[in-house]
Amino acid sequence: MREENSFVKGIKDGLPICFGYLSVAFAFGIFALANGLNAAEAVLMSMTNVTSAGQLAAVPIIATGGKLIELALSQLVINLRYALMSVSLSQKLGSSVRLLDRFLISFVNTDEVFAVASSQDGTVGRRYLYGLILTPFLGWSAGTLLGAAAGELLPDIVISALGVAIYAMFIAIVLPKAKKHRPTAACVLIAVVLSCAFTYVPVLKEIPSGFTVILCAVIAAAVMAIIAPVGEEKEHA
Amino acid sequence: MRSFVLYLAVMAGVTYLVRMLPMVLIRRRIQNRFLLSFLYYIPYAVLAVMTIPAIFYAAGSWYAAAAGFVVAVLLSLRDRSLVVVAACSCLAVFAVELLQKL
């Protein structure tokens, strides 16, 4: 099986993620400062966590002096999807990836890094992965710094427009695959319907959003895995 | 600052363990067909759940966001790159919000 292991290809594939992160991290920097963190704290948080939803949830807990267990649980629930992604990505790793590499690469296994690595044909190697995670990590950190330091200068209308960037990227990852592979489209449809139900239906909408992501995704993926198991030929498609 | 470092250590620790343990511990190839299929579908399901309906609340108004959504969908179906899709989507939102202000 072919192993994708070019550092340059990794950098190339990581750059769009980096740009996407710049704007999201920028917004996070503004959010963190508005909630009483200072710039150093916001940047430190981004450099040590590299997770948008988890960090967004953590800021108010820290700002209000919440309990450590509350913080730990919120991170566990919101970020549990990364455990699934790490299991999945672990299957994609080529023979060049050593144990030490796994300790380092998993640190920046974000939704987007995972999606791009997963979409490669064949397996992925250590040099490709280091290239892939480098600029997103820098973009996430630098974006937070920029947002914390200079966010107030940009007019609201620009910041507001940048807010959709990360979601547009998600769409650009999912739809081309859904177009080519019907069961993937069905999986996306189920996930979207469930997500809307958990957002708008009484009772269901009381469930914390971190839980919702896990629940909806697990149901949609499990249903499709039963109805349309992916064969050898589709395994790395 | 001391208590912030404590908070930071807890959240970073939990987040890292969640990511690291499965990648370090589960290293042999999974053979189970259901599990392989499940893991194939998971990223698409997660991204779909996180995007909808959240994208419609990501801009100043839902119709500005909807414009960004429509542009992103159309360009994605034409296999445009992530950067192009994201940039055009942002421009669409910006244009609609600008029009609203006039």
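Trainee: In this predicted model, where is A:Val50 found, and is A:Val50 buried or exposed?

Mentor: The model is a prediction, and A:Val50 is placed in the loop between α2 and α3 (52–63) of chain A. The backbone there has a positive phi of about 50°, although A:Val50 is not a glycine. Buried means under 20% relative accessible area. A:Val50 has 2% relative accessibility and therefore counts as buried.

Trainee: Which peptide bond is cis, with omega near 5°?

Mentor: Most peptide bonds are trans. The cis bond involves B:Pro53, a residue in the loop between α2 and α3 (62–77) of chain B. With omega near 5°, the cis bond is the one from B:Ile52 to B:Pro53.

Trainee: How many residues does the largest nonpolar core have, and which helix supplies the largest share?

Mentor: The largest nonpolar core has 88 residues, and those with the most contacts inside it are A:Leu129, A:Leu132 and B:Tyr41. The largest share of this core, 13 residues, is supplied by α2(B). A second, separate core of 14 residues includes A:Phe28, A:Ala32, A:Ile62 and B:Leu8.

Trainee: Beyond its neighbours within four places in sequence, which residues are in contact with A:Leu129?

Mentor: Leaving aside neighbours within four places in sequence, its partners are A:Leu93, A:Val97, A:Ile105, A:Ala117 and A:Val124.

Trainee: Is A:Cys187 buried or exposed, and which residues of chain B does A:Cys187 touch?

Mentor: A:Cys187 lies in helix α10 (residues 182–200) of chain A. Its relative accessible area is 0%, so A:Cys187 is buried. Not counting residues up to four places away in sequence, A:Cys187 touches A:Ala220, A:Ala221 and A:Met224 in chain A, and in chain B it touches B:Tyr41 and B:Ala45.

Trainee: What area do chain B and chain A bury between them?

Mentor: The contact involves 65 residues of chain B and 98 residues of chain A. B:Arg19, B:Met23 and B:Tyr41 supply 12% of the area that chain B buries against chain A, more than any other three residues. Of the total area, 75% is on carbon and sulfur atoms, and that total is about 7,500 Å².

Trainee: Which residues form the salt bridge between chain B and chain A?

Mentor: The count between the two chains is one salt bridge. The pair runs from the loop between α3 and α4 (82–101) of chain B to helix α9 (residues 165–180) of chain A. Both residues are partly exposed, B:Asp79 with a relative accessible area of 43% and A:Lys179 at 42%. The closest N and O atoms are 3.1 Å apart, and the pair is B:Asp79 and A:Lys179.

Trainee: Which residues are linked in a network of salt bridges?

Mentor: The side chains of A:Asp101 and A:Arg126 meet at 2.9 Å, N to O. This pair links distant parts of the chain, with A:Asp101 in helix α5 (residues 99–105) and A:Arg126 in helix α7 (residues 126–150), 25 residues apart. A:Asp101 is buried at 1%, whereas A:Arg126 is partly exposed at 24% relative accessibility. The residues of the network are A:Arg98, A:Asp101 and A:Arg126.

Trainee: Which helix supplies the largest share of the nonpolar patch on the surface?

Mentor: The patch is formed by A:Leu215, A:Ile219, A:Val223, A:Ile226, A:Ile227, B:Phe34 and B:Leu35, with about 590 Å² of accessible area together. α11 (209–227) of chain A and α2 (33–51) of chain B each supply at least two of its residues. A:Ile226, in helix α11 of chain A, counts as exposed because its relative accessibility is 60%. The largest share, five residues, comes from α11(A).

Key: Residues are numbered from 1 along each chain as its sequence is written. Chains are lettered from A and ligands numbered from 1 in the order in which they are written. This is a predicted model: local features need pLDDT of at least 70, side-chain atom pairs count only at pLDDT 80 or more; totals for chains, interfaces and linings use all residues. Side-chain values use heavy atoms; hydrogens and water are left out. Patches are made of residues with over 30% relative accessible area and no salt bridge: like charges are joined within 9 Å, nonpolar side chains (Val, Leu, Ile, Met, Phe, Trp, Tyr) within 5 Å. Accessible areas come from the Shrake-Rupley method with a 1.4 Å probe; for residues, only the protein chains shown count as cover. A salt bridge is a side-chain nitrogen of Lys or Arg within 4 Å of a carboxyl oxygen of Asp or Glu. Helices (H or I, at least four residues) and strands (E, at least two) are DSSP runs, numbered from the N terminus. Buried means under 20% relative accessible area, exposed over 50%, partly exposed in between (1.4 Å probe, protein chains only). A nonpolar core is a set of buried Ala, Val, Leu, Ile, Met, Phe, Trp, Tyr and Cys residues joined through side-chain atoms within 4.5 Å. Contact means heavy atoms within 4.5 Å. Buried area is the accessible area (1.4 Å probe) that two parts lose on being put together, summed over both.
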